[in-house]
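Here is a short report on a two-chain model. Keep the sequence and the 3D view open while reading.

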Amino acid sequence: MVKVVRSTILEEPVDAVWEVLRDFNGHDTWHPAIATSQIERGESSDRVGCVRRFKLNDGAELREQLLTLSDAETAYSYCLLDTPVPLFNYVSHVRLLPVTDGDHTFWQWESRFDTPRGREKELAELVGESIYGDGFTAIRNHFQERAVA
Amino acid sequence: MARVFVSSVINAPAAKVWERVRDFNGLPNWHPRIRDSRIEDALPSDKIGCIRNFNLQNGDNIREQLLGMSDYDLFCSYAILESPMPLTDYVATLRLTPITDGERCFAEWSAEFECSPDDESDLVSGIGTNVFQGGFDALKRHFGG
């Protein structure tokens with residue numbers, strides 16, 4: 001089993017970051033890899049158990065299910081149901097914590113999954129950099145653009 | 001139940017900061033409010049259940065018991081056994097988490113305790129400011145930011 005952990009500090013209050021991240025269907029508005037996203041069966045995106053079906057920019061389609069969502073802990077977790085990328089048993093956790101000394105946000109994004117033998121490193125890199133790392137950068141830019149606007 | 005939560009970013013890898021705070025008997029080495037400390041019954045300071053008996057710069061004496069410690073998850077939990085503060089059932093945790101996109105770490109120090117409603121806001125702000133933030137400020141000075 002592969003474990004990937006990425007974390008960063010955002011210079012925004014935790015409530016502002018959570019407002020963006022808590023929408024399980026909102027990743028197409030900020031993550032550069034996501035083209036479109038919708039919640040299946042017309043369910044609400046904060047209903048635990050809901051499934052988001054989304055397309056990457058290259059047209060690949062994925063389905064992910066919301067496993068937990070907590071406003072008290074500013075955290076959620078989800079698993080991959082269908083994916084063209086060979087990530088198996090993929091479960092991911094996102095959590096935010098306030099940096100009280102500065103009113104900033106600590107953001108941790110981690111996952112565990114299996115891969116075909118020999119592809120552990122390559123896929124860990126893909127998840128850590130192209131999904132989590134690029135996601136951090138995108139949110140940072142999202143807030144900068146909002147500040148300018 | 002009263003709660004205190006203070007967190008900060010320290011400009012050094014979590015492992016380096018952990019090296020500085022791990023010793024349950026080491027408060028006087030890094031926390032400016034602590035004058036001296038000893039472990040009762042000559043136990044090792046990483047033996048779960050050991051008791052640190054320490055004095056603040058102002059002369060107050062406090063006894064605290066180590067409840068949990070992890071070199072893997074980089075945290076330490078302890079309870080107050082005796083102190084001059086008007087509180088009971090005090091349990092605190094100091095935890096470090098790496099920040100993977102730089103050579104720095106996220107530090108959290110939190111506590112829960114019972115007290116009379118009249119004392120709560122003074123205790124929460126005193127512990128949060130003097131003990132927890134005071135400790136983080138000292139670490140930040142030591143590690144340059």
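## Strand pairing in chain A

Within β6(A), Arg95(A) is the bridge partner of Ala75(A). The model is a predicted one. Arg95(A) also has a partner in β7(A), namely Gln108(A). Start from this residue and the neighbouring strands follow.

β5(A) covers residues 75-82 and runs antiparallel to β6(A), joined by five bridges. β6(A) in turn pairs with β7(A), again in the antiparallel sense. The table sets out the two pairings.

| Strand pair | Bridges | Residues in the hairpin link |
|---|---|---|
| β5(A) and β6(A) | five bridges | five residues |
| β6(A) and β7(A) | 10 bridges | four residues |

One residue in the turn between β6(A) and β7(A) deserves a look. Gly102(A) has a positive phi there, about 130°.

## Helix α1 of chain A

Which residues of α1(A) are buried? The helix spans residues 14-21, and Val17(A), Trp18(A) and Leu21(A) are buried. Their arc around the axis is only 100°, so they sit on the same side of α1(A). An α-helix has 3.6 residues a turn, so residues three or four places apart point the same way. Asp15(A) and Glu19(A) are on the other side of α1(A), and they are exposed.

What do the buried residues pack against? Their partners in chain A are β1 (2-10), β6 (88-99), β7 (104-114) and α2 (120-148).

## Where chain A meets chain B

The contact between the chains involves 13 residues of chain A and 14 residues of chain B. On the chain A side, β1, β6 and β7 each give two or more residues. β1(A) gives the most, with five residues. By type, the chain A side divides into seven nonpolar, four polar and two charged residues.

## A buried arginine in chain B

Now turn to chain B. Arg52(B) lies in strand β3(B), residues 51-56. Is Arg52(B) buried or exposed? Arg52(B) counts as buried because 23 C-beta neighbours lie inside 10 Å, and the cut-off for buried is 20 or more.

Leaving aside residues up to four places away in sequence, Arg52(B) touches Phe24(B), Asn25(B), Ser37(B), Ile39(B) and Glu64(B). For a distance across the chain, take Tyr90(B). Arg52(B) and Tyr90(B) are 38 residues apart along the chain, and their C-alpha atoms are separated by 15 Å.

Note on methods:
Residues are numbered from 1 along each chain as its sequence is written. Chains are lettered from A and ligands numbered from 1 in the order in which they are written. This is a predicted model: local features need pLDDT of at least 70, side-chain atom pairs count only at pLDDT 80 or more; totals for chains, interfaces and linings use all residues. A residue is buried if 20 or more other C-beta atoms lie within 10 Å of its own, exposed if 12 or fewer, and partly exposed in between; C-beta atoms are placed from the backbone. The arc is that of the directions from the helix axis to the C-beta atoms. Two residues are in contact if their C-beta atoms, placed from the backbone, lie within 7 Å. Ala, Val, Leu, Ile, Met, Phe, Trp, Tyr, Cys and Pro count as nonpolar, Asp, Glu, Lys and Arg as charged, and the others, Gly among them, as polar. Two strands pair if DSSP finds at least two bridges between them.
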